[in-house]
Amino acid sequence: MHSHKRPRISSGLAVLLGAALWFAGCTRDNVSAGGDGAAGGDEPAGTPATTSEHASEPDADLLKMVAALPRAMPQALRDRVQAEPERFRALVEAVLDQPEEFTWLVDKQHALPSDYEPDDLVSLSDYPALVINRSDLRLRSLVIDPLLQMTAAAAREGITLDISSTYRSYDYQAALFQRNVDSLGREQAERESARAGTSQHQLGTTVDFGSITPAFAATAASGWLAENAWRFGFSLSYPDGYEAITGYMYESWHYRYVGLPATELERAFFGGIQQWMLLFLHTLLSAERP
Ligand SMILES: [Zn+2]
């Protein structure tokens, strides 16, 4: 059904590297990474699930996926892929079946074109169930249903998710960044805001909740989102302690819709770090291009 989207063998080097990484992983005892509760020192052969996975040789698609894992990603996360390769492959394929913009890598090194604007933006004012802090907020129509569902689920637990910022055009970003440079200086402006084209908000799938300040982290809404947003396909883009990887300080209020298969993939195999997953997908898809 979706085989046309699967990564093809286009780079012999990537496959060889994947094979090397794969078999290096298989020689270690990584049974405990499977989370099956087996004692750490057991022989892999003593665990049926692991035996069957390792018994058959991984095919080229899987090797290519392994080769695309970010070099800097911790070994503990690579080990999870080794432990559950078929689940990993299934989730990656489900992510690749979504609109590709859901998981485009957009960061300080990977900017969107100045003319990129989603063609299905809708006004949040048209949805009375959403609590909005200004009248000019827009998101892609594809994101509305998950956002409504998440808002309703939070409301059932007495939590209000108020929406403060959504789609930002390239021109708006350019003006905002210049204002921050003027008031904060260039260095601090780089930490707190994005140069035009490098903001996830240009995708039309990203939402800032509440105060858009560090104080939001202490609110009930922030706690609820941290625990539950993934169930609705929303991912925290800039978690605490990952500025060196994401390029941004902790933003407890900033969530990007990446879709449910992607939040599952992110949690199961990328330690809940969106940036690792987006880097992986970027590398995987780049390798496919001639
Ligand atoms: Zn934001």
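Predicted model: local features only at pLDDT ≥ 70, side-chain atom pairs only at ≥ 80, totals over all residues.
Trainee: How are two packed helices described?

Mentor: Two packed helices are described by the angle between their axes and the distance between the axes. Here, helix 5 (residues 85-96) and helix 11 (residues 260-269) pack at about 150°, with axes 8 Å apart. Helix 5 is therefore roughly antiparallel to helix 11 (the term applies to angles over 145 degrees).

Trainee: Which residues of helix 5 and helix 11 meet?

Mentor: In helix 5, R87, F88, L91, V92, A94 and V95 meet P261, A262, E264, L265, A268 and F269 of helix 11; contact requires C-beta atoms, placed from the backbone, within 7 Å. These residues comprise 10 nonpolar, no polar and 2 charged.

Trainee: Does L69 count as buried or exposed?

Mentor: A residue is buried if 20 or more other C-beta atoms lie within 10 Å of its own, exposed if 12 or fewer, and partly exposed in between. L69 counts as buried because it has 21 C-beta neighbours inside 10 Å. L69 lies in the loop between helix 3 (60-67) and helix 4 (75-83), and touches R78, V81 and F280, not counting residues up to four places away in sequence.

Trainee: Where does L105 lie?

Mentor: L105 lies in the loop between helix 5 and strand 1 (121-123). With 18 C-beta neighbours inside 10 Å, L105 counts as partly exposed. L105 and L281 are 176 residues apart in sequence, yet 8.0 Å apart in space, C-alpha to C-alpha.

Definitions and conventions
Residues numbered from 1 in each chain as written. Axes fitted to C-alpha atoms, helices over the stretch in contact; angles between N-to-C directions. Helix = DSSP H or I, 4+ residues; strand = E, 2+ residues; numbered from the N terminus. Parallel < 35°, antiparallel > 145°, perpendicular 65-115°, else oblique. Contact = placed C-beta atoms within 7 Å. Nonpolar A, V, L, I, M, F, W, Y, C, P; charged D, E, K, R; others polar.
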